[in-house]
Amino acid sequence: MRKKFMTKLKKVLAGVLCAATLMTTIQVPEVKAYPYLDGQSIIIRLKTGASEYQINNVISSISDSKYSLMAGEITQRGNDKINDAKFAKDVNYEEPIIRVFLKDGVTADFAIKEALKFNNYVVSAKPYDPNEKYDILGDWFWDQLGIKEAWDIISKVKHEKVKVAVLDYGINSEIPDLKNIITDKSTSNGTHGTQCSSIIAADALRGTPFAGVASAYDNSVCDFYFYQCNSIEKAIDQAVADGIDIISISIGGYYTRSTLGDDWGYLKSEKLAIERAYNKGVLIVASEGNREKFDNDNNEGKQIHLPSDFDEVLGVSASLYRKDEIWSSYSTTSITAPGDHVLAVEDNGTVTYTGGTSDSAPVVAGIAAMVKSVNPDLDNKGILEILKKTTTLKDELVGYGMVNAYEAVKEAYKQTVATADDSITVTFKNGISENTVQNIYSEIGNDYSVVTGELAQYSNDNFTEAFKAATKGVNPVVDIFLKDGVTPDSAIEALKNKDYVVDADYTYKNRKAEINRDWYWDDLEIDKAWDLIAANQHKKVKVGIVENSGISSDLPDFKNVLAYNKANAYNNAGSYVASILAADAVEGTSFAGVASAYDNSVVELYNIDAVTYGSYAKAIEKAIEMKMDVLSLGLATTNDSAALKNAIAKANEAGIIVIANRSNYLSGNVYPADYDGVLPVCSTIYRKNEVWSMTSDKAIAAPGDHILAVGDNGRVQYTGSTYFAVPIVGAVAAMAKSINPDLTNEQIIDCLTSTAVKHDGMVGHGMVNAGEAVKKALNTKPVEQPTVDKNLALGKSITASSIENDSLTPNFAVDGDMGTRWSSDWSYGNQWVIVDLGKTYDLTSAVLNWEAAYGTSYEFYVSDDGQNWRYAKYQQNNTAGEVTTNLDAKGRYVKINFYAKATQYGYSLYELAIMGH
């Protein structure tokens, strides 16, 4: 099939043309083409090099040949496109993954057993999970340009979003790859504009698994814009007005200099718009055109390609597939990027092959965006200088050479780092000895510290202890502070050929260290929960820690996630609990709380003071007042407290999820864990599915031994106790509530308990599983809550036709106090009151609490604007006290016209309640 693709692009006819897509596209069905039914399909991972013949052997007994290959892990090729799919994955082609659709009557369990029989070329088989987040599908040139290495730098350091715009004829902004990242949306679809946009910024988390060059794992680089390009001049001026930093243009044409003249003729307005943008610091990147090896600077016809050949524009030429050779138009000032056999997303939402300088230009624009993201002070000249400085293949290619994302981003960030001359960061192979590190350090350094492992941030004299902390074959990473006279470049050069050094690089100031996962993360499928949260809308939830010790709120791990901290003292316990639950995944140590979920978008943390056991009830009532969603209770006592039990019941009634400690050693009933409405937590032994603490039939288990946590000194330390298993369960509850905020507390607890894994000999529900609990929460339909009417008039604005005196004004009729009242002037029989409810409601009834001077005849009217009134209800009355009138109306304003009174006095109301919802 590879032979079917052109190795040379055909020459395009001369004249004005769009630098458009030239390659034949191959349709790739989008993921949603196959609706998920439980048991309908399974996922099989095969060994590298598995042939189509072997694939057919695997599926012949379980399927009717309906399968799709998930290269990358997905391109969703059609059944006859296996070889094409392998070709699409060409970057370091790894184990192919196929989704097999089962024959009628074949269960998933049977199919998995059948597939595993072929263990000489089948690695694994499992049920298809529609919520699973697959690997990002990189293009063939990503390795050559160091795209993911550039992403790795960005993921480690603070960076800002850059405003990037594509100017083109149309885009489909509603496809999943674009709709969550695009700011200005076009109403006109267009394959060309959609492809160019996707190459820059296709969403790395949603849509197809293909991700744009600048999507950088989490889409944190680009604020992406699109401008309808009926006029390049107007589109550029609008982009400048909107503060765009980088513009990518993949349209243009060839022009003769002699025809245009020195003042650029009919292109003068376009030229002036480009100059205005250039002078504002905007970088404009444009395609050089698709004439085969056509030199725009030096040709017999003296033709140039515009806008790419304007002095203020960075022109981009295109190289051949896997060859260091330009095939397109170019100039001596252009830069080169891949423009042959490039993956992109079409306006129908499918992945396609494409090619042309139309596609090489957005590659460069995306890399330019990453450069500016890590060094926001750069203007267009600064970005261009870095792109030029860091190109490769300068001898083989015309112009500046081949763009290189990794080198460009590294150079951009290096320019911002004041401490870069002081240290380098070295990654060693797993198993390296302290003695070997000491030898390295003695060559180039005068100090060092361990920065990952399980990032314990140990001091130098605890180096061995820090290495012991590393788990599961993690490569130790060490900051080495350099001797006087040793530069980072010379130190890196000295280390690059050492066989026990994986990598040596600059030490990045303000870096975001790799998230440090505790030993139990895989068992509890915490990353799976995080991926579900990242891929779906979710809200922050309020998690209250009811504690008798405070949290070191100034530590970087807490200061951005802790919304409220009230406690009497610091003794590590509060900080431990807070860090296990929600230690900042971005700032502070690289250790991250269970519910920090990549970007700390799940939890607002509150520490609520409980100085003594007796004050726990008051602390819980405070939590209710503060509208907490989840409570983590460390208290465990055999003292049955009526006040505490009552507070728990109130919390349940308020919809709060209450999680409590079942105790390490107390026998019999343990409170508050054993009160109704509380989820008790017991704890398991380090790396064993065995409960060591006290438990019960209602309890859920979580790790409570050899747990990493952040203490008051800001250091990561080991701890253990059921006390610290509770926040793990609290964090899972918070994630489940975050992804489906309308679920009740009972539903959230069911999500945790029904998905827990019941290991042999384990009492209670079993081990909490974050991935499955969050998945169930996502797919659970909220309980429809009954509509509850409330007094909409309470405390609202009210006016009246008259008052008896200044102590009987109408506001006293809506103050909720039966000891105050409104009374009208005695002189008149007809009076009125008007209540402004603040917004429109469904109104069900009105309740008037009359004093002895009551009204015997009155009418209700409603209005949306306080001017135009609609009749609602007439009421006759022959009694003082409470009188209820049923209403079936809708409105913001309620007016009551009083026509007759029972006494010679005025109308006198203690309270007026308008009920509704």
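User: Before we start, what does contact mean here?
Analyst: Contact means heavy atoms within 4.5 Å. Keep in mind that this is a predicted model.

User: Is glycine 544 buried or exposed?
Analyst: Buried: the relative accessible area of glycine 544 is 0%, and the cut-off for buried is under 20%.

User: What about S19 overall, how many of its residues are buried?
Analyst: That's 6 of the 7 residues, so S19 is largely enclosed by the rest of the structure.

User: How far is glycine 544 from isoleucine 656?
Analyst: Their C-alpha atoms are separated by 10.0 Å, while along the chain the two are 112 residues apart.

User: Which sheet does S19 belong to?
Analyst: An open sheet of 8 strands, in the order S20-S21-S19-S22-S23-S24-S25-S28, with parallel pairing. At the edges are strand S20 (562-565) and strand S28 (766-767), each pairing on one side only.

User: What holds strands together in a sheet, in general?
Analyst: Strands of a sheet pair through backbone hydrogen bonds, and they can be parallel or antiparallel.

User: How many bridges does S19 have with S21?
Analyst: S19 and S21 pair in the parallel sense over 7 bridges. One spot to look at is lysine 542, which stands opposite glutamate 604 in S21. With S22, S19 runs parallel too, joined by 4 bridges.

User: And how many bridges are there between S25 and S28?
Analyst: Strand S25 (residues 700-703) and S28 pair over 2 bridges, in the parallel sense. Alanine 701 stands opposite methionine 767 in S28.

User: Which helix packs on that sheet?
Analyst: Helix H22 (residues 722-739) does, touching several strands, including strand S19 (541-547), strand S21 (603-609) and S25. The direction of H22 makes about 165 degrees with that of S23.

User: Changing topic: what's the order of the strands in the sheet of 6?
Analyst: That open sheet goes S6-S5-S7-S9-S11-S12, and the pairing is parallel. Its edge strands are strand S6 (222-228) and strand S12 (335-338), each pairing on one side only. On average, neighbouring strands of this sheet are turned by 30 degrees against each other, direction ignored.

User: What happens between S11 and S12?
Analyst: Strand S11 (residues 313-319) pairs with S12 in the parallel sense over 4 bridges. Look for serine 319, which stands opposite proline 338 in S12.

User: Which strands does helix H8 lie across?
Analyst: Helix H8 (residues 232-241) lies across strand S5 (162-168), S6, strand S7 (246-249) and strand S9 (283-287). H8 runs at about 150 degrees to S6.

User: Now helices. At what angle do H7 and H11 pack?
Analyst: Helix H7 (residues 191-201) and H11 pack at about 35 degrees, with their axes 8 Å apart. Their crossing is right-handed.

User: Which residues make that contact?
Analyst: On the H7 side, His192, Cys196, Ile199 and Ile200. On the H11 side, Ser358, Asp359, Pro362, Val363, Ala365 and Gly366.

User: How many residues are buried in H7, and how many in H11?
Analyst: H7 is mostly covered, with 10 of its 11 residues buried. In H11, 18 of the 18 residues are buried, so H11 is largely enclosed by the rest of the structure.

User: What span should helix H11 have?
Analyst: At 1.5 Å a residue, the 18 residues of helix H11 (residues 357-374) should span 26 Å. The end C-alpha atoms of H11 are 26 Å apart, which agrees.

Methods: Residues numbered from 1 in each chain as written. Predicted model: local features only at pLDDT ≥ 70, side-chain atom pairs only at ≥ 80, totals over all residues. Heavy atoms only, no water. Expected span 1.5 Å × (residues − 1). Buried < 20%, exposed > 50% of the residue type's maximum accessible area, 1.4 Å probe, protein only. Pairing = 2+ DSSP bridges. Axes fitted to C-alpha atoms, helices over the stretch in contact; angles between N-to-C directions. Left-handed = near helix turned anticlockwise from the far one by under 90°.
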